[in-house]
Amino acid sequence: MAQVKKIEKECEVRCPVDKMYEFFRYNIAQFTKILPEHYKSCELLEGDGKGYDTVRLWTYTLGGPEVMVAKEAFKAIDDANKTITYRIFDADLNRMYKSFDVVVKVVPNANGTGSLVKLHILYEKEHEDHPHPHSYLELFSKVTNAIDSHLHKP
């Protein structure tokens, strides 16, 4: 029987916790402007982009020529702990993964400046021989650093 697996990554950024969290909470559709080489489009299909009724359709690439699509919705929002869980569904990646949730948590950096952005991908493989989704962690690093640079523009 397959089981849910977890991979994780942390990125240190200059942005304060609140500013970085608010970007992930309210402005992720701007990925298309910040990283157009990876995020081709983001269409709001349902809701207002802020609540549990939100569903977005993403067109993206992991860096290669293959363009993929995925729907994304909020699964859990914990503003007090600066944590968001996104559920990914009706996606090209569902050929390899039965389930795919992305958890983003933003916490203060231990050195007292900036933030630490933590990503957890919780997934269940469709078949055991399918790869772990490490390419999504690599994309997350690019996204997080690009957001940090974008938020620090004069």
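Predicted model: local features only at pLDDT ≥ 70, side-chain atom pairs only at ≥ 80, totals over all residues.
F24 and F31 come out edge-to-face, with 85 degrees between the planes and 6.4 Å between the centres. F24 is buried as well, like F31.

So which residues make up the cluster around these rings? F23, F24, F31, Y39, W58 and F140 form one aromatic cluster. And how many aromatic pairs do we get in the count? The answer is 11.

R87 has its charged end over the ring of F89, 4.1 Å from the centre. R25 does that with F74, and there the distance to the ring centre is 5.6 Å.

Have a look at β7, residues 115–125. Is this strand mostly covered or mostly open? Mostly covered: 9 of its 11 residues are buried.

Let's see what β7 pairs with. There's β1, residues 5–13, which pairs with β7 in the antiparallel sense over 9 bridges. If you want to find that on screen, go to E10, whose bridge partner in β7 is K118. Then there's β6, residues 97–108, also antiparallel to β7, with 11 bridges joining the two. A handy spot for that one is D101, which has L122 as its bridge partner in β7.

β6 and β7 form a hairpin, with 6 residues between the strands. Check out G112 in that turn: it has a positive phi of about 90 degrees.

Zooming out, the protein has 3 helices and 7 strands. Starting at the N terminus, the order is β-α-α-β-β-β-β-β-β-α.

What about overall shape? For 154 residues, a compact globule would have a radius of gyration near 15 Å, and the protein has 15 Å, so the two agree. The C-alpha atoms fill a box of roughly 45 × 30 × 30 Å along the principal axes.

Of the 154 residues, 47% count as buried. The accessible surface is about 8,200 Å², and 51% of that belongs to carbon and sulfur atoms. And on contacts: taking those between residues at least 6 apart in sequence, 51% join residues at least 24 apart.

Definitions and conventions:
Residues numbered from 1 in each chain as written. Heavy atoms only, no water. Phe/Tyr/Trp six-rings, centres within 6.5 Å; stacked < 30°, edge-to-face > 60°. Buried < 20%, exposed > 50% of the residue type's maximum accessible area, 1.4 Å probe, protein only. Lys NZ or Arg CZ within 6 Å of the ring centre and 35° of its normal. Helix = DSSP H or I, 4+ residues; strand = E, 2+ residues; numbered from the N terminus. Pairing = 2+ DSSP bridges. Rg over C-alpha atoms; globule rule 2.2 N^0.38 Å. Contact = heavy atoms within 4.5 Å. Areas by Shrake-Rupley, 256 points an atom, 1.4 Å probe, with all protein chains shown as cover.
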